[in-house]
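Have a look at the fold before reading on.

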Amino acid sequence: MKTVYTVLALVALQIVKGQRTPTISYISQEQIKDIGETVEFRCSVQYAQEYPVVWTKINKDIANDQLPLSHGSSLIIRDTRFALRYDEATSTFILQVKDIQETDAGFYQCKVLISLNNYVTANVELQVRRPPIISDNSTRALVVSEGQPVQLECYAGGFPAPRISWRRENNAILPTGGSIYRGNTLKIPAIRKEDRGTYYCVAENGVGRGARRNINVEVEFAPVITAPRPRLGQALQYDMDLECHVEAYPPPAIIWLKDDVQLSNNQHYSISHFATADQYTDTTIRVITIEKRQFGEYVCRAANKLGSAETKVELFEISTPNINYPGLRWATASQCSLSKWLLILLWFIIFNRY
């Protein structure tokens, strides 16, 4: 690179005395192109017949990053996409770039070298339309506690500058109201557990199909417990299921108690938990072959790092078995079926005997 500039400097020193100062009379206006297109830059000069004219590409994002492309009527760069021609009638140097790539964006400078430290320049910018690309400094995922302020950020590169919008999964209503919010930052003053889920950051600029990032927002909250049937009756020597529904995140530890004693799986009780989602758990305790001492209040308790909650389910005695209990219906149906087969067997034995 230094060798090229040394040659150019030596050539520039060959000044013809008495000649008028060279000028650039015309430079192309800013060019905006799509990837794959062709662009031409024109630079018309006056009084520059004896001075070298140079095309240089300047990277606008990196200082002092310059790439010489041509000297006079000859190309320097070894890239078949570039071509140079000189229109002698108008003293115009025409630089052509075919099959434009994203890296071709930048400033193209036409320079007339008068002496080592004296030159005339004019710049033209090439903007290349680029589809949006969401930046790495955008939010990827969040885990926050209920009630905290939350800020989701989304930035994108591309040309023209992309427009940013926010949506929620299944077009759910955003905490800010409405189903769409426009802007780089989505602010939630105090997040609720209902605000958890997937948020979409969408970047669009009319080039390509746009870009989207899924941002998962987890909201931690203390347990909330409900009992779908807080009072249940059953007869002695029958089974009964007691249920409660737990909503919490992170998933809580769940226990059942009676008379302040934690219950466990044994011949009297069968406890089961069914997680229907990250934040939902259904828990059931089956009271097996109910005895007199097993009637009373049962406590369902759940706890995680944010707190605890509990609810009560009362099991009371009734004289007639609760036929609405599914297990009892199954048992009754089985007993009826067994009785039917016993009658058939008995009839068969009596028939064959006589």
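Predicted model: local features only at pLDDT ≥ 70, side-chain atom pairs only at ≥ 80, totals over all residues.

By secondary structure, the protein comes to two helices and 26 strands. Of its 354 residues, 40% are buried.

**Overall picture**

- If you take the contacts in the protein with a separation of 6 or more, 61% of them are between residues 24 or more positions apart.
- The protein's accessible surface comes to about 20,500 Å², and carbon and sulfur atoms account for 51% of that surface.

**The four-stranded sheet**

- Four strands line up as β1-β3-β8-β7 in an open sheet, with antiparallel pairing.
- The edges are taken by β1 (23-27) and β7 (82-87); each has a single partner strand, so one side of each has no neighbour in the sheet.
- Going from one strand to the next, the twist averages 20°.
- Strands β3 (residues 39-46) and β8 (residues 92-97) run antiparallel and are joined by six bridges.
- To find your place in that pairing, look for Glu40, whose bridge partner in β8 is Gln96.

**Strand β14 and its two partners**

- Strand β14 (residues 163-168) runs antiparallel to β17 (residues 197-204), and six bridges join the two.
- β14 also runs antiparallel to β15 (residues 181-182), this time with two bridges.
- Trp166 is a handy landmark here: Cys201 stands opposite it in β17, and Tyr181 is its bridge partner in β15.

**The five-stranded sheet**

- Another open sheet has five strands in the order β19-β26-β25-β21-β22, and its pairing is mixed.
- β19 (231-234) and β22 (261-262) are the edge strands; each has a single partner strand, so one side of each is left without a neighbour in the sheet.
- Inside this order, β21 (residues 253-258) and β25 (residues 296-304) pair in the antiparallel sense over six bridges.

**A closer look at Tyr269**

- Is Tyr269 buried or exposed? Its relative accessibility is 7%, which is under the 20% cut-off, so Tyr269 counts as buried.
- This tyrosine belongs to strand β23 (residues 269-277).
- Which residues does Tyr269 touch, leaving aside its neighbours within four places in sequence? The contacts are Lys258, Leu263, Ser264, Ile285, Arg286, Val287, Ile288, Gln294 and Tyr298.
- With one of these, Tyr298, the side chain of Tyr269 makes a polar contact of 3.2 Å.
- Asp239 sits 30 residues from Tyr269 in sequence, and the two are 9.6 Å apart in space, C-alpha to C-alpha.

- As background, most residues other than glycine have a negative phi, and most peptide bonds are trans.
- The peptide bond from Phe159 to Pro160 is cis, and its omega is near -5°. You'll find Pro160 in the loop between β13 (156-159) and β14.
- A cis peptide bond also runs from Tyr249 to Pro250, with omega near 5°. Pro250 lies in the loop between β20 (240-249) and β21.

- Ser91 isn't a glycine, yet its phi is positive at about 50°.
- Where is Ser91? Its place is in the loop between β7 and β8.
- Although it's in a loop, Ser91 counts as buried, at 16% relative accessibility.
- Thr289 has a positive phi too, near 45°, and is likewise a residue other than glycine.
- Thr289 is found in the loop between β24 (280-287) and β25.
- At 34% relative accessibility, Thr289 counts as partly exposed, whereas Ser91 counts as buried.

Terms used. Residues numbered from 1 in each chain as written. Heavy atoms only, no water. Pairing = 2+ DSSP bridges. Axes fitted to C-alpha atoms, helices over the stretch in contact; angles between N-to-C directions. Buried < 20%, exposed > 50% of the residue type's maximum accessible area, 1.4 Å probe, protein only. Contact = heavy atoms within 4.5 Å. Areas by Shrake-Rupley, 256 points an atom, 1.4 Å probe, with all protein chains shown as cover. Polar contact = N/O pair within 3.5 Å; in protein donor to acceptor, adjacent residues only side chain to side chain.
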